[in-house]
Amino acid sequence: MKKTYILAIESSCDETSVSIICDGKEEIATVVLSQMDTHANFGGVVPEVASRMHIENITMVLEECLEKANMKMEDVDAIAITYGPGLIGSLLIGLQAAKTLAYLYGKPLIPVHHIAGHIYANNLVKPMEFPLISLVVSGGHTELIYMKDHYSFEKLGSTLDDAVGEAYDKVARVLGLHYPGGPLVDKLAHEGKDTYSLPLPLDDDSYNFSFSGIKSAVINLSHNEHQRGNEIITENLACSFQNRVVEILTKKTMRALREKNVKHLIIAGGVAANKGLREKFTELCEKEDIELTVPAMKYCTDNAAMIGAAGYYAYKIGRRADLSLNSKATDRLQ
Amino acid sequence: MILFLDTASSYRIVSVFDGTKEIITKLEKNDIDLSSKMLPLIESTLNEASIKPSQIDKIMVVTGPGSFTGIRIGVTIAKTWAWTLKKKIIPISELELLSTTPFDGDYIVPYIDARRDYGYAGVYDQEGNLVIEDSHIKRETLLEKLPKNKKIVFVTDDQIEVPYPIVEPSIKISKIIAKHIDDEGVNPHECNPNYLKKTEAEENLEKGNLHDPLRD
């Protein structure tokens with residue numbers, strides 16, 4: 001059978017990435033240019049700086065990817081693009097590049113939702129089995145998705161305020177850790193004890209999440225202790241924060257698996273790299289006989305390979321966009 | 001053939017020239033949908049003139065100053081196009097383009113308002129030669145810098161108060177083409193927006209104020 005090659009472009013936040021994926025599962029080549037070091041100087045992603053860096057790098061990343069794959073634009077079957085959600089100024093760069101290529105080469109243009117990409121990162125590890133539930137956790141997203149088949153997304157719940165990764169980075173800042181501090185909080189949490197009293201965030205019957213409250217609780221606790229002249233035990237506060245976050249994420253996800261009678265769970269997004277979260281899910285899934293898939297580290301953070309994997313299935317079901325496709329800062333996954 | 005693109009101002013412009021001869025020019029008032037409308041405008045313009053993308057030898061693109069997002073849309077299209085079809089890009093200043101507006105006097109000052117008493121401005125003569133380089137400048141400072149013994153005219157779309165006559169833009173793309181047609185052009189990887197201004201975050205960082213994401 002003829003193979004389908006998708007050239008995918010991702011530029012929704014602070015990574016400029018291009019990838020070529022064969023049949024939605026085989027990675028031919030991927031280039032990811034991260035701007036993380038630059039944004040670290042500002043203590044967080046600055047949208048205007050991100051847009052400026054995307055445009056400086058986009059053609060070089062495209063060229064490097066094609067060279068790495070030893071392919072020409074004529075060899076690809078379609079172009080997949082992250083149209084949203086994300087930072088609008090960043091999304092626009094990838095979008096204009098993708099549309100220009102689609103126009104010049106007469107290739108189909110496939111719009112891909114960023115969250116679909118995160119979920120399909122798992123297809124690069126092993127073929128996804130349905131029905132499944134996916135927990136997408138990153139610096140910009142916290143969503144619980146039910147899928148009964150390829151490209152069928154039912155959102156069960158999502159964060160009502162901060163994304164979980166965002167809360168991690170902000171807590172890291174309060175603890176005096178360098179941006180992006182999320183991974184450092186995870187590391188410290190493993191060295192500490194759960195001694196601080198923090199609320200379990202949005203512990204209700206819904207599948208929604210909220211991390212703004214616990215973030216504020218950490219900030220207030222830290223300020224109050226400082227005013228009283230008490231020293232904060234950083235590892236312990238990191239541990240207490242992480243335990244609460246992991247507890248609510250696992251609690252709601254496991255309940256969704258039971259209620260939907262689903263035996264496959266996939267974790268996606270940058271926070272999927274969190275050791276505390278992986279450990280807890282591994283333990284619970286073993287106990288309840290759920291098959292757990294977590295993508296390799298390189299597919300957890302933003303990359304175009306996952307967009308190429310999702311793009312292939314979107315292509316198969318006939319999803320197409322014309323040259324009027326626009327970027328969207330927010331959009332429903334469908 | 002030369003493809004000319006401008007997305008920096010309140011109009012989006014696609015134009016094709018064969019040498020210095022204008023083949024077609026399409027101009028639409030910009031709205032919030034520049035991102036969705038620019039490529040369709042390029043496609044329809046070329047189709048109408050029965051020109052294939054492969055017939056384009058060079059791309060001229062306005063790289064700024066102007067709307068940051070607007071500039072990036074045109075420059076990304078130009079970069080991607082020129083990179084993949086192995087062409088060169090000739091970057092053009094939006095201020096120079098504005099300076100092609102016919103005027104009665106010695107010098108013309110194209111001006112784009114940048115808020116807080118600042119603007120993007122340059123000074124050009126009747127032949128389109130640069131007299132004072134384009135910059136992001138406080139209006140007061142600009143007025144002090146202008147030569148006193150010359151007849152000066154401002155060209156702008158914006159509502160500003162200056163002690164000089166103001167004319168509305170009436171750009172002549174053909175003048176820009178004639179002037180720059182033999183420019184060597186730049187490698188598309190190196191063609192980037194000419195914002196004339198750093199980001200606020202960078203300015204603050206230089207002043208020693210760290211951007212505080214906790215206040216977002």
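Predicted model: local features only at pLDDT ≥ 70, side-chain atom pairs only at ≥ 80, totals over all residues.
On the α3(A) side stand G89(A), L92(A), I93(A), Q96(A), A97(A), T100(A), L101(A) and L104(A), and on the α2(B) side T69(B), R72(B), I73(B), T76(B), I77(B), T80(B), W81(B) and T84(B). The residues of this contact comprise eight nonpolar, seven polar and one charged. The crossing of α3(A) with α2(B) is right-handed. An α-helix has 3.6 residues a turn, so residues three or four places apart point the same way.

## The contact between the chains

Across the whole contact between the chains, 34 residues come from chain B and 34 residues from chain A. On the side of chain B that touches chain A, α1 (34-48), α2 (68-84) and α6 (200-206) of chain B each supply at least two residues. Helix α2(B) gives the largest share of that side, twelve residues. By class, the residues on the side of chain B that touches chain A are 17 nonpolar, ten polar and seven charged.

## Two domains in chain A

The domain assignment of chain A gives domain 1, made of 5-120 + 299-316, and domain 2, made of 128-294. Taken over C-alpha atoms, the centres of these two domains of chain A are separated by 27 Å. Contact between them involves 14 residues of domain 1 and 21 residues of domain 2 of chain A. On the domain 1 side, two or more residues each are given by α1 (36-40), α4 (114-120) and α11 (304-316) of chain A. Of these, α4(A) provides the largest share, four residues. The side of domain 1 of chain A that touches domain 2 of chain A has nine nonpolar, five polar and no charged residues.

## Sheet and helices of chain A

Five strands of chain A form an open sheet in the order β8-β7-β6-β9-β10, with mixed pairing. Its edge strands are β8 and β10 (291-293) of chain A, each of which pairs on one side only. From one strand to the next, the twist averages 20°. Two of the strand pairs are set out below.

| Strand pair | Direction | Bridges | A bridged pair of residues |
|---|---|---|---|
| β7(A) and β8(A) | antiparallel | four | E143(A) and S158(A) |
| β6(A) and β9(A) | parallel | four | S134(A) and I266(A) |

Strands β7(A) and β8(A) form a hairpin with six residues between them, and Y151(A) in the turn has a positive phi of about 55°. Helix α8 (residues 234-260) of chain A lies across β6, β7, β8 and β9 of chain A and runs at about 160° to β6(A).

Helix α5 of chain A, residues 164-174, is mostly covered, with ten of its eleven residues buried. Among the buried residues of α5(A) are the charged residues E166(A), D169(A) and K170(A). The elements covering the buried residues of α5(A) include β6, β7, α6 (182-189), α7 (212-227) and α8 of chain A. Just after α5(A), G176(A) takes a positive phi of about 80°.

Is V61(A) buried or exposed? V61(A) counts as buried because 25 other C-beta atoms lie within 10 Å, where 20 or more are required. The residue is placed in helix α2 (residues 47-69) of chain A. Leaving aside neighbours within four places in sequence, V61(A) is in contact with T16(A), S17(A), V18(A), V31(A) and L33(A). The C-alpha atoms of V61(A) and M1(A) are separated by 30 Å, and these residues are 60 residues apart along the chain.

V125(A) is located in the loop between α4 and β6 (132-137) of chain A. V125(A) has 15 C-beta neighbours inside 10 Å and therefore counts as partly exposed. Beyond neighbours within four places in sequence, V125(A) is in contact with T293(A), P295(A) and A296(A). A separation of 23 Å lies between the C-alpha atoms of V125(A) and P111(A), which are 14 residues apart along the chain.

Conventions. Residues numbered from 1 in each chain as written. Chains lettered and ligands numbered in written order. Contact = placed C-beta atoms within 7 Å. Domains from an automatic or database assignment. Buried ≥ 20, exposed ≤ 12 C-beta atoms within 10 Å, placed from the backbone. Pairing = 2+ DSSP bridges. Left-handed = near helix turned anticlockwise from the far one by under 90°. Axes fitted to C-alpha atoms, helices over the stretch in contact; angles between N-to-C directions.
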